[in-house]
Amino acid sequence: MKLSVVIPCFNELTTIRTIIEAVKASPVADKEIIIVDDRSTDGTRELLKSDIEQLVDKVVYHDVNQGKGAALRSGFAVASGDIVVVQDADLEYDPQEYPILMEPIVRDRADVVYGSRFMGAGPHRVVYFWHMVGNRFLTLLSNMFTNINLTDMETCYKMFRRSVLDRITIEEDRFGFEPEITAKVAKLSVRIFEVGISYYGRTYAEGKKIGWRDGFRAIYAIVKYNLA
């Protein structure tokens, strides 16, 4: 089965080359790599055009910065794989773990797989306590509306059968994508699995972007898309 790796990218000059090398080295032979540059202003766009375009299958350039959800919407639209996975452009998630995510789908046990940072025995960098609390709260609130028992709704590593994504229209432009896609997947009554993954979280000094305002938007998105 062909895997499409969709990488939303905004101001990731220091990590974009490394993550592309890591994705290319991942143990999945049949894959395509799609980067969506969300109007980077730190030199990332110039690096993509000069050095990285030739290393990947597709690069989509946004003329205006719109957010992660909008970048994923653009990336999903051009993905051609049987399976699609989200890969952040930073170094928090390890592409070596794609086979762990793919296994339930390849074995025809799942249609959607979430990689949970809160289960499993993989290494986890110790970072922000209140981020962990916020993630667990948002996951709990989402589960109360969806009636599914995820441990990590906000994880980057979400993997989908292409046929599932074809049934979903993404409306959120920013980090509201996470609860939106979760609500819409839950309504499809498809088979959802979680697998434990490692996590190498970064600090704000290292480029972490999500903030408390995104948490309030996530609450809004949980209510909106579950009650729609």
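1. Phe76 and Phe177 are both buried in this predicted model. Their rings form a tilted aromatic pair, with 6.3 Å from centre to centre and 55° between the planes. Phe76 belongs to helix H3 (residues 68–78) and Phe177 to helix H7 (residues 177–187), so the contact ties together parts that are 101 residues apart in sequence. The structure holds five aromatic pairs.

2. Another aromatic feature is a cluster made up of Tyr93, Tyr98, Tyr157 and Tyr199. Tyr199 also has a charged neighbour: the charged end of Arg117 sits over its ring, 5.1 Å from the centre. A further arrangement of this kind involves Arg136, whose charged end sits over the ring of Phe118 at 4.3 Å from the ring centre.

3. Salt bridges number 19 in a search of the whole structure. One of them joins the side chains of Lys158 and Glu178, at 2.5 Å from N to O. Lys158 is in strand E6 (residues 158–161) and Glu178 in helix H7, 20 residues apart, and the pair links distant parts of the chain. Lys158 is buried, with a relative accessible area of 0%, and Glu178 is buried too, at 2%.

4. The side chains of Glu172 and Arg217 meet in a salt bridge of 2.8 Å, N to O. This pair also links distant parts of the chain: Glu172 is in the loop between helix H6 (162–165) and H7, while Arg217 is in helix H8, 45 residues away. Glu172 is buried, with a relative accessible area of 4%, whereas Arg217 is partly exposed at 36%.

5. Arg17 and Asp51 form a salt bridge through their side chains, at 3.0 Å from N to O. Arg17 lies in helix H1 (residues 16–24) and Asp51 in helix H2 (residues 44–52), so the bridge ties together parts that are 34 residues apart in sequence. Arg17 is partly exposed, with 34% relative accessible area, and Asp51 is partly exposed as well, at 28%.

6. On the surface, Leu140, Met144, Phe145, Val223 and Leu227 make up a nonpolar patch, with about 500 Å² of accessible area together. Helix H5 (129–146) and helix H8 (212–227) are the elements that give two or more residues to the patch. H5 supplies the largest share, three residues; Leu140 is found in this helix.

Technical notes:
Residues are numbered from 1 along each chain as its sequence is written. This is a predicted model: local features need pLDDT of at least 70, side-chain atom pairs count only at pLDDT 80 or more; totals for chains, interfaces and linings use all residues. Side-chain values use heavy atoms; hydrogens and water are left out. Rings of Phe, Tyr and Trp (its six-membered ring) pair if their centres lie within 6.5 Å; planes under 30 degrees apart count as stacked, over 60 as edge-to-face and the rest as tilted. Helices (H or I, at least four residues) and strands (E, at least two) are DSSP runs, numbered from the N terminus. Buried means under 20% relative accessible area, exposed over 50%, partly exposed in between (1.4 Å probe, protein chains only). A charge sits over a ring if NZ of Lys or CZ of Arg is within 6 Å of the ring centre and within 35 degrees of the ring normal. Patches are made of residues with over 30% relative accessible area and no salt bridge: like charges are joined within 9 Å, nonpolar side chains (Val, Leu, Ile, Met, Phe, Trp, Tyr) within 5 Å. Accessible areas come from the Shrake-Rupley method with a 1.4 Å probe; for residues, only the protein chains shown count as cover. A salt bridge is a side-chain nitrogen of Lys or Arg within 4 Å of a carboxyl oxygen of Asp or Glu.
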